[in-house]
Amino acid sequence: MRKAFLCMLSFILVLAVFLPVGYAEPEDTIITITFINNSDITISEFYGAPETKHTNFGPYRNSKRIRPGETDEIRFTAEELASDSLWWIRLGLSSPQRTAYKNWHKFDLSAIKETGIINFVNVEGTSTYAILAGKKDFFHMSNTTSFNIVSLHLFPSGGEYGENRLEQSFLPGEVLKISMGYEEVMQDTAWDLRIGVEAESETTYFTLENFPIEKLTGCECVILKPYKDSISFSYSDEPLEP
């Protein structure tokens, strides 16, 4: 009996040497996607899995509670992002009273793969939430002109001006965050920008045309620049200085 026990113990020790203690993905297969919480609620849990392969929600993917205005890095494997499968996404929306769960079915990761961004927003005018697959609903604008900009209207080409998007004057040297609505960033159309500048006690207007929405929300900053007596612009992909 003792001999049999020692043989079994030796076998177990050999297995312990050659079998891994636990499975971990090699670091070079992990890809992180930036999750931007532009909603008014905290995200406590992020789950996701291809719908064709899983009957559950997949692994827990966020690294922390993501409060309004915060970002986090959501982990996927390169193999997962290389798949053309539609996904099943589940988020835990946390309030002081409880955590409610919201599911998105048939979610396409293709835009996320291109931009590396998941943007979570309130749907304007409703009490629901939406994931903008790879699209931000804001952009930054830098005023490198000498003009005091008092109004800024961003609207689909040929449409109505809409409301002034400035809460106060946009002064030379300033950088502003310009917010857009969920419905706006989903419109596949060109946009125009109408700028009102204060000049000698009156307002002069300049219109910049044909902003592709992907360029606006995909760049780090739209830079307004002086051009003769008018204004031109350029896109910058460089991170903004703090």
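Which element gives the most to the lining of the largest pocket? The analysis concerns a predicted model, in which local features require pLDDT of at least 70 and side-chain atom pairs count only at pLDDT 80 or more, whereas totals for chains, interfaces and linings use all residues. Residues are numbered from 1 along each chain as its sequence is written, and side-chain values use heavy atoms, with hydrogens and water left out.

The largest pocket is lined by 18 residues, and strand E7 gives the most to this lining, with 5 residues. A pocket is here an open set of points, on a 1 Å grid over the protein atoms alone, where a 1.4 Å probe fits and with protein on both sides within 12 Å along at least five of seven lines; lining residues have an atom within 4 Å of a point. Helices (H or I, at least four residues) and strands (E, at least two) are DSSP runs, numbered from the N terminus. The volume of the largest pocket is about 300 Å³, taken as the space filled by probe spheres set on the points, which are joined across faces, edges and corners. Ala111, Ala133, Gly134, Lys135 and Lys136 lie nearest its centre. Helix H3 (110-115), E7 and H5 each supply at least two lining residues. Glutamate 114 lies in helix H3 and is exposed, with a relative accessible area of 71% (exposed means over 50%, buried under 20% and partly exposed in between, with a 1.4 Å probe and protein chains only). Its C-alpha atom is separated by 10.0 Å from that of alanine 133, 19 residues apart along the chain.

The largest nonpolar core has 28 residues, such a core being a set of buried Ala, Val, Leu, Ile, Met, Phe, Trp, Tyr and Cys residues joined through side-chain atoms within 4.5 Å. Strands E7 (129-133) and E8 (138-143) and helix H5 (213-218) are among the elements that give two or more residues to this core, while E11 contributes the largest share, 4 residues. Residues with the most contacts inside the core include Phe139, Leu193 and Ile195. Beyond its neighbours within four places in sequence, isoleucine 195 is in contact (heavy atoms within 4.5 Å) with residues including Ile149, Phe206, Leu224 and Ile231. A second, separate core of 21 residues includes Ile89, Leu91, Ile118 and Ile131.

The structure holds 0 disulfides, defined as pairs of cysteine sulfur atoms within 2.5 Å. Cysteine 219 is in no disulfide, and the nearest cysteine sulfur, that of cysteine 221, is 6.8 Å away. Cysteine 219 is buried at a relative accessible area of 3%, and cysteine 221 is buried at 1%.
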